[in-house]
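Student: I've got a model open on my screen and would like to talk it through. Can we go over it together?

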Amino acid sequence: MRTRRGLCYPREDVCVDEIGVKRTDFAGCNMLCRKRQRFSPVVAGKSDLFDALPDDLVISILSRLSSSASCPSDFFNVLITCKRLNSFALQPLVLSKASPKLFAVKAENWSESAHRFLKSCADVGNVEACYTLGMIRFYCLQNPGSGASLMAKAAISSHSPALYSLAVIQFNGSGGSKNDKDLRAGVALCARAAFLGHVDALRELGHCLQDGYGVRQNITEGRRFLVQANARELAAGLSSASVSNIGTRSWLTWSPHSIPHPDNRHPSVPGCPLLSDFGCNVPAPEVHPANKFLTEWFSSRDGILGPGLRLCSHVGCGRPETRKHEFRRCSVCGAVNYCSRACQALDWKLRHKAECAPVERWLDEEGVGGDGMEEVIAES
């Protein structure tokens with residue numbers, strides 16, 4: 001069909017695209033007009049329709065992906081797809097919404113590029129990146145000042161794991177001498193994390209109140225915090241069981257046998273009777289990616305501890321000593337040591353209760369040194 005000017009309308013099987021061209025009018029001036037360019041269906045089929053998507057829509061999709069990624073590869077596979085996705089995936093809006101599992105990098109894969117990515121996420125205000133990079137710098141990269149600063153940045157945003165980690169640092173005087181311990185500051189940080197529902201902080205605060213450690217002794221109130229920690233663990237266990245379709249019949253009584261783990265990659269975990277107040281039994285809680293990185297780092301050749309330094313004996317912690325005799329030893333056997341009372345309570349009910357054997361006297365292998373005789377911690 002022709003128009004009045006003799007032009008033809010495009011047919012249905014022909015794709016039309018508008019391009020800007022210049023032409024000269026009768027007065028000799030250059031004018032910008034639009035000219036229709038015709039493509040055959042074969043050529044049009046080769047064009048990338050992804051380029052036609054609006055930028056804000058692509059960024060919104062990538063933000064959703066970063067917040068729901070179950071492992072780093074879910075996100076990084078998108079970065080290597082094309083230049084446009086690579087540039088949009090590194091936008092501040094996308095990085096600020098990244099989930100903790102996105103930062104679950106393995107210690108053997110740690111590199112300068114992984115460090116830069118975590119720093120980029122921390123710079124745009126991602127609290128999980130601040131906490132994870134802070135833990136890595138403080139304990140693994142021997143940069144306690146920068147690590148503590150990043151954890152404090154996350155703690156200001158009410159990040160409960162960062163608050164609890166800073167409390168552990170205050171309790172032990174990590175990164176400094178024994179005189180740098182601040183028990184009252186540790187209790188205050190623990191109380192803030194417990195208010196936000198952090199289970200380890202609730203348990204730590206309960207033991208502090210029961211023992212009068214850094215706070216006036218109050219056995220009744222300490223017991224209340226311990227029961228509250230058990231209740232929150234029960235709620236978390238029920239939630240994970242409902243998601244993974246694990247039955248709860250095995251929780252009614254304690255059993256030394258293994259309990260199915262919510263993650264199919266780990267078929268079973270040792271029974272952990274943390275809920276002794278309720279006569280229940282739940283799987284061990286999921287380890288945070290930062291603690292998992294610490295455990296892998298110091299079990300590899302790259303993470304060599306200094307002479308006389310030890311790791312926390314709780315398998316889900318991974319924190320190392322920053323000076324000799326920093327952690328407290330078991331007062332019964334002296335074979336294990338813990339960075340906190342929460343780790344001691346977890347490891348006692350997880351495995352050490354069956355292994356602990358009293359001895360008449362135990363001394364450090366290297367004798368009394370460093371800050372003097374280290375503290376002991378009583379088993380409950």
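Student: How many of the 13 residues of helix 9 are buried?

Tutor: First, some ground rules: this is a predicted model, where local features need pLDDT of at least 70, side-chain atom pairs count only at pLDDT 80 or more, and totals for chains, interfaces and linings use all residues. Residues are numbered from 1 along each chain as its sequence is written, and side-chain values use heavy atoms, with hydrogens and water left out. Buried means under 20% relative accessible area, with exposed over 50% and partly exposed in between (1.4 Å probe, protein chains only); helices (H or I, at least four residues) and strands (E, at least two) are DSSP runs, numbered from the N terminus. Helix 9 is mostly covered, and its buried count is twelve.

Student: Why do the buried residues of helix 6 sit on the same side?

Tutor: Those residues are Ala-114, His-115, Phe-117, Leu-118, Cys-121 and Ala-122. The arc is taken from the directions from the helix axis to the C-beta atoms. They share a side of helix 6 because they cover an arc of only 160 degrees around the axis.

Student: Which residues have the most contacts inside the largest nonpolar core?

Tutor: A nonpolar core is a set of buried Ala, Val, Leu, Ile, Met, Phe, Trp, Tyr and Cys residues joined through side-chain atoms within 4.5 Å. The largest one here has 73 residues, and its largest share, nine residues, comes from helix 7 (residues 127–140). The residues with the most contacts inside this core are Leu-62 and Trp-110.

Student: What is the mean pLDDT of the protein?

Tutor: pLDDT is the predictor's confidence in each residue, from 0 to 100. Over residues 35–44 it is below 50, and it stays under 50 over residues 364–374 too. Where pLDDT is low, the predicted coordinates should not be read in detail. Still, 69% of the residues reach 70 or more, and the mean is 77.

Notes. Contact means heavy atoms within 4.5 Å.
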